[in-house]
Amino acid sequence: MKRFYIFFLLLISISYVHADVEKIANYNLVVDVDNGGGYAHVKNAFIIKNLVNYPLVPGIGELRLQEKGPKKILGIPIPGTKDVKSIDIKNLKGYYKIGNGELKPMKVYVINNTNFTTICYEIWEPMDKNSNVTVVLEYDANIVDNGVFFKTLTIPVGCDMDIDNLNVKFNSKYHLTYQKPDKSEFSVPKNTLLMINTEFSILPLPKLPTHGYILLWLVILATLVSIFISIEIKRMGKEKENGNNKK
């Protein structure tokens, strides 16, 4: 299973202070799962609120994305191993607005490292005291783990600011078979990590208590064991019958 990590780092351009000067009042995360080729279309829209009585310049903000999962040989996961990789990003777009103003394009770019990918955005327009800035970031990311019957996706969200209201929505033509936590609205304290695990299937299954692919493999394994036991019982019965006939 792929684990897609999002970290927010906001660099204030005025001065470093220890007190909380900002928070994310609302954060909407929409993920279109069926974008094709293992890519999902991700739209982040969040409002950063100024908590102090003087203007702030947002400056440079970062979203850090990372994939974690077991190493694979010929596409087969190897238990007990760990592989950490960056995320491939395409079609990046970014917009912002101060207060109730109009959305404007902003400078956005991607920095690729070995173990993670950083999406950077820059806002050098000050927001007044007790005002806010709305940030919109859209991109395609290879964060979907495609199987034969199931698609899995894990999105942890963390931030160095409080998130008062995080709303997460997944769009897919497939059946949602698993989600934990099983809700769409959250509050996330600063410096914590919220992990949202989801699974979608082409099979018309209901929501399950665990990942459907685990249950599927357990059913397949149990069926194979039952078949093997049945064949062995029949074989032993024939051997016994043949032995009785020889007597």
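The exercises below, each with a worked solution, concern a predicted model.

Residues are numbered from 1 along each chain as its sequence is written, and side-chain values use heavy atoms, with hydrogens and water left out. Local features need pLDDT of at least 70 and side-chain atom pairs count only at pLDDT 80 or more, while totals for chains, interfaces and linings use all residues.

**Exercise 1. Pairing sense**

Task: determine how strand 15 (residues 163-171) pairs with strand 2 and with strand 17.

Solution. 
1. Y27 has L166 of strand 15 as its bridge partner.
2. Strand 15 and strand 17 (residues 185-188) are antiparallel, over 3 bridges. Here I163 stands opposite V188 in strand 17.
3. For another antiparallel case, take strand 3 (residues 40-50) and strand 12, paired over 10 bridges; V42 is opposite Y139 in strand 12.

**Exercise 2. The core and L166**

Task: find which residues of the largest nonpolar core touch the most other members, and list the contacts of L166.

Solution. 
1. A nonpolar core is a set of buried Ala, Val, Leu, Ile, Met, Phe, Trp, Tyr and Cys residues joined through side-chain atoms within 4.5 Å. Buried means under 20% relative accessible area, exposed over 50%, partly exposed in between (1.4 Å probe, protein chains only).
2. The core has 44 residues, and those touching the most other members are I48, Y121, V135, L166 and F170. Strand 12 (residues 132-141) gives the largest share, 5 residues.
3. Leaving out residues up to four places away in sequence, L166 touches Y27, V157, S184, E185, F186, V188 and L194; contact means heavy atoms within 4.5 Å.

**Exercise 3. K90**

Task: locate K90 and describe its surroundings.

Solution. 
1. K90 lies in strand 8 (residues 89-98).
2. Its relative accessible area is 38%, so K90 is partly exposed.
3. Beyond four places in sequence, K90 touches Y39, Y139 and D140.
4. K90 and Y39 are 51 residues apart in sequence, with a C-alpha to C-alpha distance of 9.2 Å.

Terms used
Helix = DSSP H or I, 4+ residues; strand = E, 2+ residues; numbered from the N terminus. Pairing = 2+ DSSP bridges.
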